[in-house]
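Here is a short briefing on a structure.

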Amino acid sequence: MKILVCISKTPDTTAKIAFTDNNTKFATDGVQWIINPYDEWYALVRAIELKEKAPDTVLHLVNVGLADSDPIIRKALALGGDEAIRVNSGNADSYNVAAQIAAVAKDGNYDLIFTGKETIDYNNSSIGGMLAEMLDLPYISHAVKFDIDNGTATVIREIEGGEETDKVSVPVVVSCQKGMAEQRIPNMKGIMGARSKPLKVVEPVEAENLTEVKAFELPPPKAGVKMISADNPEELVKLLHEEARVI
Amino acid sequence: MSVLVFIDQADGQIKKSSFEAAGYAAQTASLLQTEAVGIVLGDCNDDLAALGNYGLKKIYTVKDPVLNNVDAQVYTKVLVQAVEKIGADVIIFTHNSTAKAVAPRLSVALKAGLVAGANALPEVGEGFTVRKTVFSGKAFADVNILSDKKIISLSPNALQIAAGSGTAEVEALQVSIPAAKVETVNVDKVSGEVSLSEADIVVSGGRGLKGPENWGLVTELADLLGAATACSRPVADINWRPHHEHVGQTGLAIAPNLYIAIGISGAIQHLAGVNRSKTIVVINKDPEAPFFKAADYGIVGDAFEVVPKIIDAVKKLKGVA
């Protein structure tokens, strides 16, 4: 079995969000970069678990980014995986990123392609679906459980108000979320081993952007909190009814 | 050219957020000086003509048992044909699990730029720019769609859409329906609960509630208010509450009219998921809890004393004995 896991570089969840260049660029000063949590905790770790169960599994990682992605790719390799491929491209929109991954996926003939359910920076939840369409493969989004037996995957995915169990033959694209696996921390053996694992850099294929960000804006600050005495919570209900008019 | 809105349904009923998407489609159409129409896939028993109240002129239906499950590949193939037959240039979804599976595929199939999680109507002067949340609700981005065809997936509760009056014509659309490659073997839905992403009011609990046995306070208040229940990440992680209730940066992002946080300190990751709520109430015994800075109303006090009093006051307000 061959698995491809797509990983994205995102700011740490506690990073201060600010913008420069007249609000057109994300301010990267002092920002810690991490593997997008959905890609790492759920997609990658589940893929590693599948490889642990079936050791002849080949596990590749792919990232679309510039050389500043290499540290998070090495961290991912420290968790597991045989080799990584970085498509040397910055400034691509979702469509373009998916096109780059699709090119890598076509070359690699993978049975399973895992993505996180979304990245925590652009929150588009688009790459998995776009990739599946480009490869003409079935797509199962928001998977919370994944098992595979003899080329047939059984996937539980979250739907509005509940869960659905699906069966599908590989190859398939799956977007992963909480429930798929538990977060792991790389151990020393993994970190040392990651240094010698191949990290191939390939140039991007020709693809266009269908969207562009014109500007960013921070939400306006709250007007300030109105405090109500704990002895008189009835006042809160009155304010919610008469002032905020929400109940 | 026209605006086509995907009307999402579950168990034959139109989802609430689809009415909002319908109104959004009609307003987008009027900006573009064209008409808005809708499409419903699968069996739907609801009164589709009533979508005219939200400004839709026509509703196209495609019925086939295959469409009663959402298979993104099948839905995409059907929608591509529909878009062509209808001559739609702008396609609107409501940003839920169906849209997250289908809209990206459709984006590729139509080569149509996608704005996922839009919060506002498009600006259609120079270009076609749609505002969406980024960085998990901590900022907005104005995204210009460069392609001729455009797809917008609208965040639930992003706009206040008022129903007017009107009747939509309903017409069956003839398209070919491919076989599904994904077999759905089981669907397990929690019935009777208010859907968290669509809820107007959400009551949420954190570690301050000390244990799952105390959740009666949250559910009683939620039931009285017709609200959905939610929780913070630590609470889901220690299995006090199911994972699908987790709101925050790595959980669900929501934007209800009223968010009541009980015993949640308000870590930056939690705020990211709820800061688009219109009114935020924070009840916490720690006066230094960061959540108070993001709140509209706050009470510093013990949840076990304060919340029962709130429940009594709501009962009085609602005339419940």
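In this predicted model, helix H6 of chain A (residues 234-242) packs against helix H7 of chain B (residues 303-318). The angle between them is about 45°, and their axes lie 8 Å apart.

- H6(A) and H7(B) cross with right-handed geometry.
- On the chain A side, H6(A) brings Glu234(A), Leu236(A), Val237(A) and His241(A) to the contact.
- On the chain B side, H7(B) supplies Lys309(B), Ile310(B), Ala313(B), Val314(B) and Leu317(B).
- Sorted by class, the contact of H6(A) with H7(B) holds six nonpolar residues, one polar residue and two charged residues.

**Chain B: make-up and dimensions**

- Chain B contains seven helices and 17 strands.
- Its C-alpha atoms fill a box of roughly 60 × 45 × 40 Å along the principal axes.
- The radius of gyration of chain B is 21 Å. A compact globule of 321 residues would have a value near 20 Å, so the two agree.

**Chain B: burial and contacts**

- Of the 321 residues in chain B, 56% are buried.
- Among contacts in chain B with a separation of 6 or more, 66% join residues 24 or more positions apart.

Conventions:
Residues are numbered from 1 along each chain as its sequence is written. Chains are lettered from A and ligands numbered from 1 in the order in which they are written. This is a predicted model: local features need pLDDT of at least 70, side-chain atom pairs count only at pLDDT 80 or more; totals for chains, interfaces and linings use all residues. Axes are lines fitted to C-alpha atoms, for helices over the stretch in contact, and angles run from 0 to 180 degrees between N-to-C directions. Helices (H or I, at least four residues) and strands (E, at least two) are DSSP runs, numbered from the N terminus. A crossing is left-handed if the near helix is turned anticlockwise from the far one by less than a right angle, and right-handed if clockwise. Two residues are in contact if their C-beta atoms, placed from the backbone, lie within 7 Å. Ala, Val, Leu, Ile, Met, Phe, Trp, Tyr, Cys and Pro count as nonpolar, Asp, Glu, Lys and Arg as charged, and the others, Gly among them, as polar. The radius of gyration is taken over C-alpha atoms; the globule rule is 2.2 Å times the number of residues to the power 0.38. A residue is buried if 20 or more other C-beta atoms lie within 10 Å of its own, exposed if 12 or fewer, and partly exposed in between; C-beta atoms are placed from the backbone.
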